[in-house]
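Dear colleague,

Please find below the structure that I am handing over to you. My notes on it come after.

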Amino acid sequence: MRFEVNGTPLDVEVEPGQVLRTLLRENEHYEVKKGCDAGDCGACSVLVDGDAVHSCIYPAHRLEGRSVTTVAGLGSPDHPHPLQQAFVAAAGFQCGFCTAGMIVTASTFSDADRDDLPRLLKGNLCRCTGYRSIHDAICGVTNTETAPTGEATGHSVRAPAGMRVATGREEYTLDHTTTGLLHLAVLGSPHPHARIVSIDTSAAEAMPGVELVLTHLDSPATLFSTGRHESRNDDPDDTLVLDPVLRFRGQRVAAVVADSVRTAQLATERIVVEYELLPAVFDPEQARAQGAPLLHADKGMESRIAAPERNTVAEMHGETGDVEAALATSAATVEGTWRTQRVSHASLETHATRGWLDRDGRLVLRTSSQVPYLVRDEICHVFALHPDHVRVFTARVGGGFGGKQELLTEDIVTLAVLRLGRPVQYEFTRTDEFTIAPTRHPMRVTVRAGADAEGRLTALAVDQLMDTGAYGNHGIGVMYHSVHESVSVYRAPNKRVDAQSVYTNNLPSGAFRGYGLGQVIFAIESAMDELARRCGLDPFEFRRRNVITPGEPMVVVDPGEVTDLGYGNSYGLDQCLDLVQDALRTPGGLTPPSGPRWRLGTGVALAMIATMPPRGHFADTTVELLADGDYSIGVGTAEFGNGTTTVHGQLVASALGTTPDRVRIRQSDTDVARYDTGAFGSAGVVVAGKALLAASHKLAAAMRERALRLVDAERHDESLRDEAAGVVPGGVRVGDRLVTAAELVAAGPLIADGSHDGTPRSVAFNVHAFQVAVDEATGEVQILRSIQAADAGTVLNPEQLRGQIEGGTAQAIGTALYEEMMLDGEGRVITDAFRNYRTPKFSDIPVTEVLFADTFDELGPLGAKSMSEAPYNPVAPALANAIRDALGIRPQELPMSRDRLWRMIAAG
Amino acid sequence: MDLITVQQIRVPATRDEVTFAPGERPLGGGTWLFSEPQEGLTGLVDLTALGWEPLTVTDDLLTVAATCTIAELTRLPAHDGWAAHPLIALCADSLLASWKIWNVATVGGNVALALPAGAMTSLMSTLDATAVIWTADGGERRMPVTEFVTDVRVTRLAPGEVLRALEVRTAALRSRTAFRRIALSPLGRSGTLVTGRRGADGETVITITAGTPRPVQLRFDEVPSERALADAMSRIEEWYDDPHGSPDWRRAVSTLFAEEIRQELGGAA
Ligand SMILES: Cc1cc2nc3c(=O)[nH]c(=O)nc-3n(C[C@H](O)[C@H](O)[C@H](O)COP(=O)(O)OP(=O)(O)OC[C@H]3O[C@@H](n4cnc5c(N)ncnc54)[C@H](O)[C@@H]3O)c2cc1C
Ligand code: FES
Ligand code: FES
């Protein structure tokens with residue numbers, strides 16, 4: 001078959017049933033992405049004879065004589081297409097995995113089409129941005145700027161990889177050619193709870209092209225957790241690479257390694273397995289009750305499961321004061337139960353790992369991860385390898401949101417590579433993402449609260465139950481975090497918390513943006529809104545009376561708790577409340593729809609979050625001066641749309657008096673930096689960024705010192721000694737003499753290191769308000785206005801920060817109104833494709849007005865605080881409160897879908 | 001996605017070659033076939049090279065070939081008096097699939113797939129279109145589209161048969177129509193799609209798709225009274241249940257829309 005790609009003829013064999021997407025990628029057109037492989041996301045968009053199509057559902061046998069254009073054919077970094085330039089200028093991407101498809105699609109638009117973007121872009125999903133910046137890019141709005149020398153921070157500097165992303169040149173996890181690559185496919189459990197009695201792999205092994213079949217008999221015996229943290233003891237050891245006991249549908253039964261994905265997948269069907277079915281439990285209430293089937297009763301103390309005999313991975317019960325007594329005498333009280341659903345991260349790039357042995361026989365894993373170092377350490381633990389014998393790195397990662405703080409593909413690839421000594425790849429499908437990748441924890445949260453006649457909280461009690469699924473990855477941390485900043489942001493003399501994290505035979509839950517806080521904040525902020533109403537107070541005023549203020553202890557249930565969490569002298573909650581309330585008082589937003597069915601309402605909610613995860617978060621970084629005056633930095637943080645890389649470049653450029661384009665960033669590779677806990681808990685800027693600042697200052701001092709020595713040696717004039725020396729672009733200026741970088745490094749390398757240990761920590765705040773219209777007859781919610789104020793300390797890159805807040809808001813609107821992973825009650829996921837799961841589209845997300853508090857954090861780098869998880873948290877309750885205001889009835893279950901709201905209204 | 005069990009794709013140029021071995025299925029645009037794993041599928045017979053004229057218009061008939069792409073249909077210009085013409089765009093926009101999918105997806109593929117949210121089925125049902133079926137023995141048979149789709153993913157095609165075309169009387173295109181649709185998100189997969197059509201003779205037809213497992217039509221000699229319509233709606237027993245809406249909600253919004261449409265078509269408020 002002959003056809004053209006980007007003007008170059010291609011002569012290829014096409015497999016029967018093959019699609020254009022895989023054909024293009026086989027021919028190294030890695031600019032064509034896979035977000036779903038099912039036609040739903042648009043990441044694979046290309047032009048065929050000028051018509052935009054989704055290449056993943058375009059039959060390849062029709063290509064004869066046709067001409068295909070990909071994003072790389074539209075332009076190159078040297079000669080970009082105007083839209084490619086526009087996406088860079090507008091900062092129209094975060095992880096950038098959707099960008100190729102967006103640009104190809106938009107390249108067909110006329111000027112008039114710009115008014116019709118919601119409809120025209122309904123086939124292109126972006127999980128990161130919230131679409132406003134994509135709108136700007138297509139409409140030619142510039143949101144970025146070139147920073148003056150030495151003043152990069154505080155400016156909306158462009159992402160260093162921007163033009164490569166926009167032209168399809170930036171490599172993501174699998175965008176790379178490895179010769180002799182083998183592919184791994186997994187046979188998943190058809191049962192929610194079963195034991196493998198026997199397994200016969202001979203027919204699979206006999207298939208031509210099959211190199212290896214792995215079963216539980218091949219598995220290392222070391223238990224681990226897919227959830228990764230700085231301390232491996234934070235998660236229970238309850239997982240094996242391949243386990244003879246299957247605890248959820250889809251869990252690995254066996255893996256086949258073959259010369260193609262097709263052969264590997266077909267071979268899995270030839271594996272004959274005899275199962276002994278075990279009783280299963282799917283509801284956490286039932287799972288913790290007496291007599292429920294037990295999932296991990298075989299595990300001992302060393303697995304760190306709180307109570308395997310009650311399916312309880314973790315629990316917490318504590319009280320300060322006397323909640324019952326306080327409630328009994330309170331002027332006003334509320335009590336209610338709130339439920340949140342299971343949510344998929346829906347990062348556009350699925351999980352994937354490619355592994356091989358390097359020339360020295362070292363295991364190398366190229367993976368889609370937020371935590372390459374933690375992956376390395378756990379792989380070493382499970383496979384008894386020395387860290388020197390394992391290298392883990394990431395290319396650019398196509399989205400994370402917590403979903404890649406897990407070890408989901410690396411372990412089985414390691415096993416296969418170690419067995420075969422050959423390169424092996426394992427790539428999740430989108431269906432895998434929905435059915436076996438961990439999700440947000442569904443929670444049931446009961447809140448009771450009381451206030452006195454002045455509207456001051458007397459008591460706050462939270463009873464939380466969460467479904468951690470079949471494995472306890474993040475099941476402990478999420479539970480503790482969920483009731484921490486959510487409860488401690490309110491001052492109440494009497495508090496009680498009961499929380500339980502419970503195993504079920506559903507797919508595992510895991511880390512998700514907000515790490516449990518969002519679910520409990522939904523409940524508490526709804527309860528506070530109700531309590532404010534009962535006290536006859538405006539919701540802003542009620543919160544002002546009850547939130548903690550600087551100097552006050554942050555109490556969950558132990559007023560004497562010793563903690564490294566403080567205010568960093570940067571409390572901005574008061575400002576956030578004022579900013580949002582003032583904004584609501586100024587005109588703005590969409591005109592409400594007319595007609596008697598529409599009811600209008602306004603709602604607000606707040607959220608507090610620690611700027612870093614607890615118990616240590618470490619980053620070791622280096623900054624080196626190169627002979628040409630550029631700086632090379634080594635830092636462990638992965639880039640997955642968090643924008644950290646941009647900020648790291650800005651911080652170093654500012655500290656060294658240069659511009660970000662002179663900073664070369666080597667990152668997220670266990671070979672380039674000694675250590676980095678990873679990019680979670682929004683730590684990229686506040687931990688690694690601070691370490692880089694320290695390294696930069698150290699390097700600057702070393703450069704000045706060496707420059708002075710050189711100058712002193714030249715001039716024998718004593719009086720000129722100790723002249724002021726300053727780091728400038730290209731070297732160090734001493735008086736009127738520029739000592740060039742080349743001269744400086746001629747005397748030996750100039751490299752400095754900087755580290756940070758992630759303590760002490762401070763807190764950041766977000767306040768969100770919505771104005772909505774609700775159609776009483778259909779349950780439709782229209783967001784008329786969306787406003788978020790964020791207390792992020794010093795704003796290092798305004799456009800990127802705005803992007804994080806918009807993206808978090810968009811993801812949270814998805815959670816609040818649309819998204820829902822539905823299970824059938826027997827552990828089967830019904831919504832296993834994007835078409836059945838309402839990831840927000842361009843049409844679904846309103847413009848959010850983003851406001852910044854003016855604070856300076858004494859702990860963060862140059863006064864900055866972290867801000868990537870936080871913006872998600874206040875959104876769902878703010879929307880719920882607005883809907884309550886509109887309808888007079890309070891929605892208590894997410895998502896507040898049209899059918900649910902309609903039913904609630906119909907029931908009165 | 002690659003269809004890993006497919007061993008052969010045949011591309012017939014003449015009707016004789018349009019035959020199906022066990023495990024083989026017709027291939028239209030392929031936008032659904034390649035979007036999900038197809039268990040047991042061993043071969044595809046590509047209908048798109050048979051040279052079927054996508055759209056033919058005569059005085060009384062619009063013939064839409066099964067292989068006409070949705071994009072081609074949306075580009076069909078309105079002829080004089082085709083009051084129902086806007087319905088084409090409204091229905092196309094009711095698909096979850098965007099215009100990029102329409103470039104490849106066929107009208108026949110949409111109808112033959114028989115999804116409740118098959119908006120081409122909505123369109124063709126509303127217009128009382130006739131499905132033209134090529135039978136396995138080389139013959140042809142016809143039936144109303146409303147009867148062609150019998151359940152979720154079930155049609156009256158027998159093994160070896162293909163959908164050849166959809167015939168729409170231009171009289172139907174000249175009638176007055178009304179349209180309502182809702183999904184759980186603004187441009188999401190349809191939860192229900194309700195249309196109304198009032199012919200020159202006053203006959204009024206309410207068609208419900210997406211909300212019900214198969215197209216449901218309520219026919220009245222004239223615009224019905226509120227009561228008559230409500231009665232007819234309440235007799236619809238089966239409302240579809242899937243992740244795109246609960247049956248009780250689908251019933252309620254469909255009933256609401258049907259009444260709005262009745263008024264729009266001239267029924268007394
Ligand atoms: C993102 C996305 C969104 C979608 N949204 C919707 C939606 O909202 N509603 C909806 O209904 N569909 C939707 N689809 C599914 C599909 O794209 C459409 O139904 C499309 O119209 C199918 O047409 P096709 O020509 O591509 O069919 P194909 O994929 O080629 O075939 C579909 C089925 O029909 C059969 N078939 C095709 N042509 C004939 C024929 N002439 N005679 C007999 N059998 C035939 C095939 O064997 C197959 O079983 C969506 C798909 C994607 C990728
Ligand atoms: S990968 Fe093709 S549409 Fe998602
Ligand atoms: S930037 Fe769009 S998916 Fe990440």
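This is a predicted model: local features need pLDDT of at least 70, side-chain atom pairs count only at pLDDT 80 or more; totals for chains, interfaces and linings use all residues.

Residues are numbered from 1 along each chain as its sequence is written, and chains are lettered from A and ligands numbered from 1 in the order in which they are written.

Ligand 1 lies between chains A and B. Its shell holds 35 residues, a residue being counted if its C-beta atom, placed from the backbone, lies within 6 Å of the ligand. Those that come nearest are A:Gly39, B:Gly28, B:Gly29, B:Gly109 and B:Asn110. Two or more residues each are given to this shell by β2 (24-27), α4 (107-113) and β10 (162-169) of chain B; helices (H or I, at least four residues) and strands (E, at least two) are DSSP runs, numbered from the N terminus. The most comes from α4(B), with 5 residues.

At the interface, 45 residues of chain A are in contact with 36 residues of chain B, contact meaning C-beta atoms, placed from the backbone, within 7 Å. On the chain A side, β4 (51-54), α5 (117-120), α9 (261-268) and α25 (898-907) give two or more residues each.

In chain B, an unreviewed UniProt entry places "domain: FAD-binding PCMH-type" at residues 1-173; such annotations may be inferred rather than shown by experiment. Over residues 1-173, chain B is 24% helix and 24% strand, with the end C-alpha atoms 38 Å apart.

With kind regards

Note on methods:
Two residues are in contact if their C-beta atoms, placed from the backbone, lie within 7 Å.
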